[in-house]
Amino acid sequence: MRGFTLIELMMAVAIIGALAALAVPNYRRTTCKASQTEASRGMKAVAALEESYRAEKDTYASVATSCGSTPMCISFVPKGTNPAFLYSASATTTTYTVSASGKRGSKMDGAVWQLDQTGKLSDVTGLCRSRP
(Lines give C-alpha, C1' and ligand atoms only; values in the text may rest on other atoms or scores of the structure.)
Protein backbone atom coordinates (compact mmCIF):
# COMPACT_ATOMS: atom_id res chain seq x y z
CA MET A 1 0.00 0.00 0.00
CA ARG A 2 1.11 3.48 -0.70
CA GLY A 3 0.41 6.56 1.42
CA PHE A 4 1.60 8.49 4.42
CA THR A 5 2.04 7.19 7.90
CA LEU A 6 0.38 8.87 10.84
CA ILE A 7 3.77 10.14 12.05
CA GLU A 8 4.49 11.79 8.70
CA LEU A 9 1.12 13.52 8.71
CA MET A 10 1.61 14.68 12.33
CA MET A 11 5.04 16.10 11.45
CA ALA A 12 3.59 18.02 8.48
CA VAL A 13 0.83 19.46 10.70
CA ALA A 14 3.39 20.42 13.37
CA ILE A 15 5.57 22.20 10.80
CA ILE A 16 2.58 24.10 9.39
CA GLY A 17 1.52 25.07 12.93
CA ALA A 18 5.01 26.37 13.75
CA LEU A 19 5.10 28.45 10.56
CA ALA A 20 1.65 29.86 11.31
CA ALA A 21 2.74 30.74 14.86
CA LEU A 22 5.56 32.81 13.38
CA ALA A 23 3.48 34.40 10.63
CA VAL A 24 0.44 35.61 12.61
CA PRO A 25 2.29 38.05 14.93
CA ASN A 26 4.17 39.51 11.97
CA TYR A 27 0.91 39.96 10.07
CA ARG A 28 -0.70 41.73 13.04
CA ARG A 29 2.33 43.96 13.50
CA THR A 30 2.27 44.89 9.81
CA THR A 31 -1.45 45.73 9.79
CA CYS A 32 -0.99 47.82 12.95
CA LYS A 33 1.87 49.74 11.32
CA ALA A 34 -0.29 50.40 8.26
CA SER A 35 -3.13 51.62 10.46
CA GLN A 36 -0.74 53.77 12.46
CA THR A 37 0.43 55.34 9.22
CA GLU A 38 -3.16 56.06 8.16
CA ALA A 39 -4.01 57.56 11.57
CA SER A 40 -0.79 59.57 11.65
CA ARG A 41 -1.40 60.99 8.17
CA GLY A 42 -4.91 62.14 9.10
CA MET A 43 -3.81 63.56 12.45
CA LYS A 44 -0.96 65.48 10.81
CA ALA A 45 -3.48 67.02 8.41
CA VAL A 46 -5.59 68.10 11.39
CA ALA A 47 -2.45 69.42 13.14
CA ALA A 48 -1.66 71.52 10.07
CA LEU A 49 -5.20 72.95 10.23
CA GLU A 50 -4.68 73.70 13.94
CA GLU A 51 -1.41 75.53 13.31
CA SER A 52 -2.97 77.50 10.45
CA TYR A 53 -5.92 78.46 12.65
CA ARG A 54 -3.59 79.51 15.48
CA ALA A 55 -1.49 81.65 13.14
CA GLU A 56 -4.65 83.48 12.14
CA LYS A 57 -6.59 83.66 15.43
CA ASP A 58 -3.83 83.25 18.09
CA THR A 59 -5.61 80.24 19.61
CA TYR A 60 -6.25 76.61 18.73
CA ALA A 61 -9.71 75.32 17.79
CA SER A 62 -11.73 72.17 18.33
CA VAL A 63 -12.03 69.83 15.37
CA ALA A 64 -15.01 67.71 14.39
CA THR A 65 -16.46 66.12 11.27
CA SER A 66 -19.38 68.55 11.51
CA CYS A 67 -19.23 71.86 13.39
CA GLY A 68 -22.61 73.37 12.63
CA SER A 69 -22.62 76.85 14.20
CA THR A 70 -20.04 75.97 16.88
CA PRO A 71 -17.55 78.84 17.24
CA MET A 72 -13.84 78.03 17.11
CA CYS A 73 -14.38 74.72 15.32
CA ILE A 74 -12.59 73.32 12.28
CA SER A 75 -14.46 70.78 10.16
CA PHE A 76 -12.32 67.84 8.98
CA VAL A 77 -13.50 64.90 6.88
CA PRO A 78 -10.77 62.47 5.76
CA LYS A 79 -10.31 61.63 2.09
CA GLY A 80 -10.99 58.16 0.79
CA THR A 81 -13.95 55.93 0.21
CA ASN A 82 -13.88 54.13 3.56
CA PRO A 83 -11.44 55.61 6.09
CA ALA A 84 -10.78 53.43 9.14
CA PHE A 85 -10.57 56.39 11.55
CA LEU A 86 -12.66 59.33 12.72
CA TYR A 87 -10.71 62.44 13.72
CA SER A 88 -11.34 65.02 16.41
CA ALA A 89 -9.33 67.49 18.46
CA SER A 90 -9.65 69.13 21.82
CA ALA A 91 -7.88 72.43 22.27
CA THR A 92 -6.98 75.20 24.67
CA THR A 93 -5.38 78.52 23.80
CA THR A 94 -1.86 77.02 23.78
CA THR A 95 -2.29 73.25 23.36
CA TYR A 96 -4.24 70.71 21.34
CA THR A 97 -4.63 66.95 21.18
CA VAL A 98 -5.78 65.32 17.96
CA SER A 99 -7.43 61.91 18.27
CA ALA A 100 -7.98 59.23 15.64
CA SER A 101 -10.56 56.68 16.75
CA GLY A 102 -11.16 53.46 14.84
CA LYS A 103 -14.58 53.40 13.20
CA ARG A 104 -17.06 50.75 14.30
CA GLY A 105 -16.90 47.74 12.05
CA SER A 106 -13.49 48.65 10.65
CA LYS A 107 -10.37 46.58 11.21
CA MET A 108 -9.24 49.15 13.81
CA ASP A 109 -12.51 49.29 15.78
CA GLY A 110 -11.61 50.31 19.32
CA ALA A 111 -8.15 51.70 18.50
CA VAL A 112 -7.34 55.25 19.57
CA TRP A 113 -4.25 57.21 18.52
CA GLN A 114 -3.38 60.71 19.73
CA LEU A 115 -1.05 63.44 18.53
CA ASP A 116 -0.30 66.58 20.53
CA GLN A 117 1.08 69.99 19.56
CA THR A 118 4.65 68.78 20.16
CA GLY A 119 4.23 66.05 17.53
CA LYS A 120 4.19 63.17 20.03
CA LEU A 121 2.18 60.22 18.66
CA SER A 122 0.76 57.73 21.17
CA ASP A 123 -1.24 54.51 20.96
CA VAL A 124 -3.79 55.16 23.74
CA THR A 125 -5.45 51.75 23.69
CA GLY A 126 -2.24 49.78 23.22
CA LEU A 127 -3.70 47.59 20.48
CA CYS A 128 -0.54 47.87 18.39
CA ARG A 129 2.07 47.66 21.12
CA SER A 130 4.41 44.72 20.81
CA ARG A 131 3.99 42.05 23.39
CA PRO A 132 6.94 40.26 25.01
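Student: What pattern does the protein follow along the sequence?

Tutor: Keep in mind that this is a predicted model. Reading along the sequence gives α-β-β-β-β-β-β, that is, 1 helix and 6 strands.

Student: And what is the mean pLDDT of the protein?

Tutor: The mean is 83, with 87% of the residues at 70 or more.

Student: Which strand has the lowest mean pLDDT, and which the highest?

Tutor: Among the elements, strand β2 (residues 73-75) comes out lowest with a mean of 69, while strand β5 (residues 112-116) is highest with 91.

Student: Noted. How many aromatic pairs turn up in the whole structure?

Tutor: A search of the whole structure gives 1. That pair is Y60 with Y96: the ring centres are 4.7 Å apart and the planes sit at 70°, so it counts as edge-to-face. The cut-off for that label is over 60 degrees.

Student: Where are Y60 and Y96 in the chain?

Tutor: Y60 is in the loop between α1 (6-57) and β1 (62-64), whereas Y96 belongs to strand β4 (residues 96-102).

Student: Switching to the helix: what about S35, is it buried or exposed?

Tutor: S35 lies in helix α1, and its relative accessibility is 0%, so it counts as buried.

Student: What is S35 in contact with, leaving aside neighbours within four places in sequence?

Tutor: F85, K107 and M108. On contacts in general here, take those between residues at least 6 apart in sequence: 37% of them join residues at least 24 apart.

Student: OK, surface next. Which residues make a nonpolar surface patch?

Tutor: L6, I7, M10 and M11 make one of about 450 Å². M11 is in helix α1, and at 49% relative accessibility M11 is partly exposed.

Student: Why isn't M11 simply exposed?

Tutor: Because exposed means over 50%, and M11 is at 49%.

Definitions and conventions. Residues numbered from 1 in each chain as written. Predicted model: local features only at pLDDT ≥ 70, side-chain atom pairs only at ≥ 80, totals over all residues. Heavy atoms only, no water. Helix = DSSP H or I, 4+ residues; strand = E, 2+ residues; numbered from the N terminus. Contact = heavy atoms within 4.5 Å. Phe/Tyr/Trp six-rings, centres within 6.5 Å; stacked < 30°, edge-to-face > 60°. Buried < 20%, exposed > 50% of the residue type's maximum accessible area, 1.4 Å probe, protein only. Patch = residues over 30% accessible without salt bridge, like charges linked within 9 Å, V, L, I, M, F, W, Y side chains within 5 Å. Areas by Shrake-Rupley, 256 points an atom, 1.4 Å probe, with all protein chains shown as cover. Salt bridge = Lys/Arg side-chain N within 4 Å of Asp/Glu carboxyl O. pLDDT = per-residue confidence, 0-100.
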